[in-house]
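Subject: The structure, and what turned up in it

Hi,

Here is the structure I promised to pass on.

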Amino acid sequence: MITHLLTRIDLMMNSLSKGQKRIALFIEEHYDKAAFMTASKLGETVGVSESTVVRFATELGYDGYPKLQKAMQEMIRNKLTSVQRIEVTSNRIGNDNVLDSVLNQDIDKIRRTIEETSHEDFARAVDEICKAERIYIFGVRSTAAIANFLAYYFEMIFDNVRVITSGSQTETFEQIFRITDKDVMIGISFPRYSSMSVEAMDFARSRGAHAIAITDSMVSPLVQSADSVLIARSDMASIVDSLVAPLSLINALIVATVLKKKDEVSDTFRRLELVWNRDGVYTNREIEIVGNIEDDDK
């Protein structure tokens, strides 16, 4: 099955109708604009009917125009500059209510994440995390925030969590060179993808560790090095990186892990509550002093 849009167009060009060829040529030259046009708008732009645009998508092997549009958007995810992102966002939202528009787009990303994330991979990832000797979490740039969020809660559940948020090759390998087949690597990366995240995942898998990719699509470079793939839609063709769906997926990962280790986690949080109630401690020293609570209470 040929998946790349431009390859499909090249192979089908001679068999397309005159109107469909106009659509194809426009997409080849301006897919960054076409990706965010409705079928009606694309037809109007190239001088054909909306139904011709829909038939064109079908001729290329897509299940309707939305699938063709999605393929065009995939093409530009890694290529939009910051200035182009502003232009695309302006064209999308225009004079509409920005708050409603952005929130509705994020709701749509969560819906797509529900549809596209493998429940089998999710369950496997939870199992591997719970039995791992060490859990490594890698996320840089905008994903460093959600990597730290995941690490914050995992550190309350496990005592073997290491978070890497540096894009430096030297610093990264200094932190992961001891990884073994008893460990787990969680790599988080979205367009524009971090080359260091791919290298870290490759290294972890070469050592036998279970590699879990949290990324935006099956064409992400992290997928080739992953044992479990968790898809979270993130529309990077906008002014800011939307990490709503990735964060929601990570919330689900935390909850599933807590439920799987319910008895142990409940005991940990009971002891943490003693600290919080007694001393009002809400710092990263919480975990360090939990071990002293029982002695203090004797």
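Below is what I found, starting with the whole chain and then going place by place.

One thing before the details: this is a predicted model.

**The chain as a whole**

The protein chain has 298 residues, and 48% of them count as buried. Its secondary structure comes to 15 helices and 5 strands. If you take the contacts with a separation of 6 or more, 67% of them are between residues 24 or more positions apart.

Have a look at helix H3 (residues 39-46) and helix H4 (residues 50-59): their axes come within 8 Å and cross at roughly 105°. That angle falls between 65 and 115 degrees, so H3 and H4 are roughly perpendicular to each other. On the H3 side the contact is made by Ala39, Ser40, Leu42 and Gly43, and on the H4 side by Glu50, Val53 and Val54. Sorted by type, the residues of this contact are 4 nonpolar, 2 polar and 1 charged.

**Glutamine 20**

Glutamine 20 sits in helix H2 (residues 18-34). Is it buried or exposed? Its relative accessible area is 7%, so glutamine 20 is buried. Its side chain reaches the backbone nitrogen of serine 17 at 3.2 Å. Setting aside neighbours within four places in sequence, glutamine 20 is in contact with Thr52, Arg55, Phe56 and Glu59.

**Aromatic rings**

Searching the whole structure gives 4 aromatic pairs. In the pair of phenylalanine 154 and phenylalanine 158, the ring centres are 5.4 Å apart and the planes are at 85°, so this pair is edge-to-face. Phenylalanine 154 counts as buried because its relative accessibility is 0%. Phenylalanine 158 is buried as well, at a relative accessible area of 8%. There is also an aromatic cluster, formed by Phe149, Tyr152 and Tyr153.

**Arginine 141**

Most residues other than glycine have a negative phi. Arginine 141 is not a glycine, yet it has a positive phi of about 55°. You will find arginine 141 in the loop between strand E1 (135-138) and helix H9 (144-157). Its relative accessible area is 56%, so arginine 141 is exposed.

Threonine 172 belongs to helix H10 (residues 169-176). With 0% relative accessibility, threonine 172 counts as buried. Which residues does threonine 172 touch, not counting those up to four places away in sequence? They are Phe138, Ile164, Ser166, Met196 and Ala200.

Serine 220 is in a loop, the one between strand E4 (210-215) and strand E5 (228-231). Even so, serine 220 counts as buried, because its relative accessibility is 4%. Leaving out neighbours within four places in sequence, serine 220 is in contact with Tyr193 and Thr215. Serine 220 and valine 198 are 22 residues apart in sequence, and their C-alpha atoms are 9.6 Å apart in space.

That's what I have on this one.

Cheers

Conventions: Residues are numbered from 1 along each chain as its sequence is written. This is a predicted model: local features need pLDDT of at least 70, side-chain atom pairs count only at pLDDT 80 or more; totals for chains, interfaces and linings use all residues. Side-chain values use heavy atoms; hydrogens and water are left out. Axes are lines fitted to C-alpha atoms, for helices over the stretch in contact, and angles run from 0 to 180 degrees between N-to-C directions. Helices (H or I, at least four residues) and strands (E, at least two) are DSSP runs, numbered from the N terminus. Angles under 35 degrees count as roughly parallel, over 145 as roughly antiparallel, 65 to 115 as roughly perpendicular and the rest as oblique. Contact means heavy atoms within 4.5 Å. Ala, Val, Leu, Ile, Met, Phe, Trp, Tyr, Cys and Pro count as nonpolar, Asp, Glu, Lys and Arg as charged, and the others, Gly among them, as polar. Buried means under 20% relative accessible area, exposed over 50%, partly exposed in between (1.4 Å probe, protein chains only). A polar contact is a pair of N or O atoms within 3.5 Å; within protein, one must be able to donate a hydrogen and the other to accept it, and residues adjacent in sequence count only if both atoms are side-chain atoms. Rings of Phe, Tyr and Trp (its six-membered ring) pair if their centres lie within 6.5 Å; planes under 30 degrees apart count as stacked, over 60 as edge-to-face and the rest as tilted.
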